[in-house]
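Hi,

Here is the structure I said I'd pass along.

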Amino acid sequence: PVPADLILCLEHTPLAQEFAHSAYRNLRPGGVYALCAAGPRWRPHSTHDGRFLPDSHDEYYCNVTTTQIKQTLQTAGFHNIQVIELNDNIYATAER
């Protein structure tokens, strides 16, 4: 496969670290990984229709913090990591 210049990710996965490592491997040097994830104040919501999830559900859901996202990206090997929380979401960019 041809290395990518940019990889975008909306994160609703129990495999965040694996996604970050895969993005790193598939980006060209200098390529950018950009992601958006639910911040700590979001109520659990569905990836299928956006509705709030009841207490008992079978869909994966996890809120994250800016610190968790930064650590995930650092562990994958990224640099120039920028992470912000805005409107209850976490946004991040990082370079390979």
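This is a predicted model: local features need pLDDT of at least 70, side-chain atom pairs count only at pLDDT 80 or more; totals for chains, interfaces and linings use all residues.

Below is what turned up when I went through it, starting with the overall layout and ending with the salt bridges.

The overall layout. The protein chain has two helices and four strands, and going along the sequence they come in the order β-α-β-α-β-β. There are 96 residues, of which 33% count as buried. The accessible surface comes to about 6,200 Å², and 53% of that belongs to carbon and sulfur atoms. If you take the contacts between residues at least 6 apart in sequence, 58% of them join residues at least 24 apart.

How the strands pair. Strand 1 (residues 4-11) runs parallel to strand 2, with seven bridges between them. To get from strand 1 to strand 2, the chain passes through helix 1 (residues 16-26), and this β-α-β crossover is right-handed. Strand 2 also pairs with strand 4, this time in the antiparallel sense and again over seven bridges.

A few spots to look at. Tyr91 sits in strand 4 (residues 89-95) and is partly exposed, because its relative accessibility is 33%. Together with Ile84 and Leu86, Tyr91 makes a nonpolar patch on the surface, with about 270 Å² of accessible area for the three together. Ala38, in strand 2 (residues 27-38), counts as buried because its relative accessibility is 8%, which falls under the 20% cut-off. The C-alpha atoms of Ala38 and Cys62 are 7.8 Å apart, although 24 residues separate the two along the chain. His12 is in the loop between strand 1 and helix 1, and with a relative accessible area of 28% it is partly exposed. Between the C-alpha atoms of His12 and Asn63 the distance is 8.8 Å, with the two residues 51 apart along the chain.

The salt bridges. Side chains of opposite charge can pair when their charged atoms come close. How many salt bridges does a search of the whole structure find? The search finds three.

- Asp5 and Arg28 meet through their side chains at 2.4 Å, N to O. Asp5 is in strand 1 and Arg28 in strand 2, so this pair ties together parts 23 residues apart in sequence. Arg28 is partly exposed, at 34% relative accessible area.
- Arg41 pairs with Glu85, and their closest N and O atoms are 3.1 Å apart. This links distant parts of the chain, 44 residues apart: Arg41 is in the loop between strand 2 and helix 2 (66-76), and Glu85 is in strand 3 (residues 79-86). Arg41 is exposed at 57% relative accessibility, whereas Glu85 is partly exposed at 33%.
- Arg41 also pairs with Asp88, with 2.8 Å between the closest N and O atoms. Asp88 lies in the loop between strand 3 and strand 4, so here the tie is between parts 47 residues apart in sequence. Asp88 is partly exposed, with a relative accessible area of 30%.

Cheers

Note on methods:
Residues are numbered from 1 along each chain as its sequence is written. Side-chain values use heavy atoms; hydrogens and water are left out. Patches are made of residues with over 30% relative accessible area and no salt bridge: like charges are joined within 9 Å, nonpolar side chains (Val, Leu, Ile, Met, Phe, Trp, Tyr) within 5 Å. Accessible areas come from the Shrake-Rupley method with a 1.4 Å probe; for residues, only the protein chains shown count as cover. A salt bridge is a side-chain nitrogen of Lys or Arg within 4 Å of a carboxyl oxygen of Asp or Glu. Buried means under 20% relative accessible area, exposed over 50%, partly exposed in between (1.4 Å probe, protein chains only). Contact means heavy atoms within 4.5 Å. Two strands pair if DSSP finds at least two bridges between them. A crossover is right-handed if, with the strands pointing away from the viewer, the path from the first strand over the helix to the second runs clockwise.
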